[in-house]
Amino acid sequence: MAPDPPPPEDLPVACRDAMIEYTKHVMSLGDLLFELLSEALGLKSETLKSMDCLKSLLMICNYYPPCPQPDLTMGISQHSDNSFLTILLQDNIGGLQILHQDSWVDVSPIPGALVINMGDFLQLITNDKFVSANHRVPANREGPRVSIASFFSSSALPNSTLYGPMKELVSEENPPKYKDITIKEYTEGYFEKGLDGTSYLSNIRI
């Protein structure tokens, strides 16, 4: 949806106007979030945006029909996102679970609220200051369930920039934990590995 949105006629008529309008608000929220996250790291507010964290937005709209035998399948298996940040809008059905202290915790939907997930790229460049959220979506007898995930990630664009732990966040006492890698290389490895419950960050950990 950004920086080069698709032609409107390529979007489904039923949600075309809503997607275009929603994108404007998500980009504005992302701008604020990256400023606040930069400041939380003790850096200038424009730092993360200057690294193109806000450059690209990919929107995925998920539709889950009700499942008569949810114990036999999985909506989306355990994974972390190959993004800097993910903004999730879920309906009142819910279903999202986050792995917390080796237990799966339901993220119950709150009317009017959005879920913000840290992504792998943010964990990489902050040298584990921020940690990517490990999550899944089990199948559900209730439904249909709809969720809209907006990923701030330049993985769909040509980008030769090497990303690694930011120099401002490393020191002799806190050395880099990851090797430098391009977003393209990371994304290729991420999808080749598949959503198998492990983070691709382990493949570039020093």
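This is a predicted model: local features need pLDDT of at least 70, side-chain atom pairs count only at pLDDT 80 or more; totals for chains, interfaces and linings use all residues.
Local features require pLDDT of at least 70 and side-chain atom pairs count only at pLDDT 80 or more, while totals for chains, interfaces and linings use all residues. Residues are numbered from 1 along each chain as its sequence is written, and side-chain values use heavy atoms, with hydrogens and water left out.

A nonpolar core is a set of buried Ala, Val, Leu, Ile, Met, Phe, Trp, Tyr and Cys residues joined through side-chain atoms within 4.5 Å; buried means under 20% relative accessible area, exposed over 50%, and partly exposed in between (1.4 Å probe, protein chains only). The largest such core holds 37 residues, and those touching the most other members are Phe34, Leu48, Phe84, Leu124, Ile125, Phe152 and Tyr186. Two or more residues each come from α1 (16–40), β1 (57–64), β3 (85–90), α3 (120–125), β8 (145–152) and α4 (183–193), where helices (H or I, at least four residues) and strands (E, at least two) are DSSP runs numbered from the N terminus. Helix α1 gives the largest share, 6 residues. A second, separate core has 7 residues, including Tyr64, Leu88, Val115 and Val137.

Strand β3 is largely enclosed by the rest of the structure, because 5 of its 6 residues are buried. Two strands pair if DSSP finds at least two bridges between them. β3 runs antiparallel to β8, with 6 bridges, and to β6 (residues 115–118), with 4 bridges. In these pairings, leucine 85 has phenylalanine 152 of β8 as its bridge partner, and leucine 88 has valine 115 of β6.

β7 is joined to antiparallel β2 (residues 74–79) by 3 bridges, with proline 138 opposite methionine 74. Strand β4 (residues 97–100) also pairs with β7 in the antiparallel sense, over 2 bridges, and here glutamine 97 stands opposite arginine 136.

Finally, there is some open space. A pocket is an open set of points on a 1 Å grid over the protein atoms alone, where a 1.4 Å probe fits, with protein on both sides within 12 Å along at least five of seven lines; lining residues have an atom within 4 Å of a point. The largest pocket is lined by 23 residues, with Ile60, His79, Asp81, Ala149 and Phe151 nearest its centre.
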